[in-house]
Amino acid sequence: MKFRLIALGVLLIVGGVLLRLLVALPFAQGLLHDLVAAQQLSIATYVARDIDHSIQVRRALIGELAAALPPALLSQPEKLALWVAERQRVNPLFNSGLLVLRPDGSHPLVQYPVVAGRNKLTYTDSDWFQAALRADAPVMSRPQRGRANGAPILIMAAPVRNAAREVVAVVVGVVALDAPGFLDRLQTTRLGAGGGFLLISPADKLFVGASDPAMIFRPTPAPGLNLLHDRAMAGFRGTGITRTPKGVEELSAMVTVPSTGWFVVARTPTAEIFRPIAAMRGLILNGTLASLAVMIAVLLLLLPHILRPLTAAARSMREMADGSRPLVPLPVKCRDEVGDLVRGFNSLIARLHEKETALKASEARLDFMAHHDPLTGLCNRAMLDDRLHQALARAERDGSHFALLFCDLDNFKPVNDQFGHKAGDAVLRQVAARLLDGRRGTDTVARFGGDEFVVLLTDLHDVRSVAVSVAQQLLAAIGAPFEIDGKTFTLGVSIGIAPHEGASISAAQLMSQADCAMYEAKRAGKNKVQVFDRESEPLNMQRA
């Protein structure tokens with residue numbers, strides 16, 4: 001018992017710990033996840049808006065420059081160069097330079113600042129150049145590497161039109177993606193120790209920017225490698241947990257950059273986010289181990305003293321059970337749980353004989369209920385089946401004969417419908433008494449179910465004659481009037497007889513034969529006796 005109490009204490013402590021580990025900590029982790037996800041989504045939204053603003057400002061600037069460029073300067077390269085240089089110095093948003101291109105896309109008319117090798121480039125086949133020739137508003141290129149120096153750049157262009165709305169030049173602004181005030185904050189800012197940002201172009205399947213410089217301009221993962229990335233590429237925006245190709249689980253927040261169709265991903269390893277939860281889990285486990293050690297030591301010291309009266313009482317009871325000590329009441333030394341136990345033991349001794357007597361009576365009653373119908377007191381189907389098997393075994397052993405009478409009341413249902421089930425039950429009890437009247441001690445009368453009864457007649461010499469005679473007596477007995485609530489009525493009974501005259505047959509087959517004969521009696525007009533004949537020529541016995 002000491003060990004059980006210790007085990008109970010351990011179980012309570014461990015149960016509390018498991019409750020905290022399996023319920024409280026996951027709940028706290030869920031709250032922390034939601035809080036960090038909301039914060040991360042807010043940060044990603046801010047970064048996306050900042051990028052969108054930077055792009056919108058540069059688009060507006062290139063449009064303003066194209067609108068403000070006097071077409072007359074196109075034929076005056078020196079003045080055009082001064083004009084471009086002045087605009088670049090005043091508003092240096094395009095840190096990789098401003099260019100003015102001819103309508104055919106050949107070498108730049110002017111560029112500022114001058115980049116080595118750029119004056120030899122042609123732009124006729126560039127997608128953004130062709131788009132600028134057709135557009136009335138500024139256009140933007142796909143993220144790409146500059147042909148002059150290989151740096152990651154973004155190009156914005158706007159057409160210069162004369163009074164006849166003809167394109168006479170194209171103003172081009174080139175901005176390096178890592179330029180100050182553009183994507184530099186995205187590429188230099190980290191979230192925690194291992195988190196950061198990604199800028200992705202779904203149309204180009206390309207990492208435009210990233211906190212990790214090695215990822216810039218790398219292609220995005222192939223479909224199927226990262227399910228959350230696949231959802232984001234398909235248009236999903238929000239937060240979710242994913243796992244990187246290196247196996248690091250991350251919480252990611254995706255927000256669209258409206259003007260480009262790109263989206264920003266703010267990501268943080270979940271190990272960093274849930275580090276407080278992990279620390280709390282370790283604290284709980286360590287505290288639990290210490291508490292268990294202290295509790296077990298205290299219980300081992302105190303329990304023997306607390307349980308000493310119980311141990312003494314148990315020893316006395318065991319000696320009484322072994323017969324080495326007379327069965328007498330034990331002294332009650334204290335009024336506590338042990339005292340209650342001793343008083344209960346003394347009461348048990350006083351009532352032992354009484355309980356033994358009641359138990360025997362109860363066993364007899366249960367035995368009767370197990371083998372008899374509770375309504376009529378007749379044998380039930382289990383008892384009938386047992387006695388039928390005994391009769392078959394005896395017949396096989398000494399050649400004795402017996403018969404099975406299957407009785408089904410005719411027109412019993414109207415009794416229940418007209419007088420109620422209580423009256424029907426009273427009629428069934430009267431039917432049982434009439435079936436029992438005149439039966440030998442070796443015969444068995446059983447209620448088979450509902451208004452069906454079976455009579456087993458054993459040790460018969462002239463089986464058919466005796467069985468038919470008994471069946472006629474039963475017809476007469478059941479046919480006598482019944483009285484309920486001052487009203488008199490009569491019932492009939494259809495009886496099927498299955499004689500056993502030595503043929504090898506099972507109990508189920510014999511019961512089936514009697515049942516078939518009973519249904520033949522009903523088909524013949526009810527309230528009749530029918531003997532089962534294996535030659536299919538039953539003998540009809542009319543009611544006497």
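Trainee: Is Phe-482 buried or exposed?
Mentor: In this predicted model, Phe-482 has a relative accessibility of 1%, so the residue counts as buried, the cut-off being under 20%.

Trainee: And what about Phe-489, buried or exposed?
Mentor: Phe-489 comes out at 15% relative accessibility and therefore counts as buried. Phe-482 and Phe-489 also form an aromatic pair, with 6.0 Å from centre to centre and 20° between the planes, and this pair is stacked.

Trainee: How many aromatic pairs are there by that rule?
Mentor: The count comes to 5 aromatic pairs. Another of them joins Phe-419 and Phe-489, whose ring centres lie 5.6 Å apart with the planes at 20°, and because planes under 30 degrees apart count as stacked, this pair is stacked.

Trainee: Where do Phe-419 and Phe-489 sit in the chain?
Mentor: Phe-419 belongs to helix H11, which covers residues 413–419, while Phe-489 belongs to strand S16, residues 487–489, so that the pair links distant parts of the chain, 70 residues apart.

Trainee: Switching topic, which residues do ring pairs link into a cluster?
Mentor: That cluster consists of Tyr-123, Trp-128 and Phe-129, linked by ring pairs.

Trainee: What about charges over rings, say, which ring has Arg-231 over it?
Mentor: The charged end of Arg-231 sits over the ring of Phe-236, at 4.0 Å from the centre of that ring.

Trainee: And which residue has Arg-381 over its face?
Mentor: Arg-381 lies over the face of Phe-448, with 4.0 Å to the ring centre.

Notes. Residues are numbered from 1 along each chain as its sequence is written. This is a predicted model: local features need pLDDT of at least 70, side-chain atom pairs count only at pLDDT 80 or more; totals for chains, interfaces and linings use all residues. Side-chain values use heavy atoms; hydrogens and water are left out. Rings of Phe, Tyr and Trp (its six-membered ring) pair if their centres lie within 6.5 Å; planes under 30 degrees apart count as stacked, over 60 as edge-to-face and the rest as tilted. Helices (H or I, at least four residues) and strands (E, at least two) are DSSP runs, numbered from the N terminus. Buried means under 20% relative accessible area, exposed over 50%, partly exposed in between (1.4 Å probe, protein chains only). A charge sits over a ring if NZ of Lys or CZ of Arg is within 6 Å of the ring centre and within 35 degrees of the ring normal.
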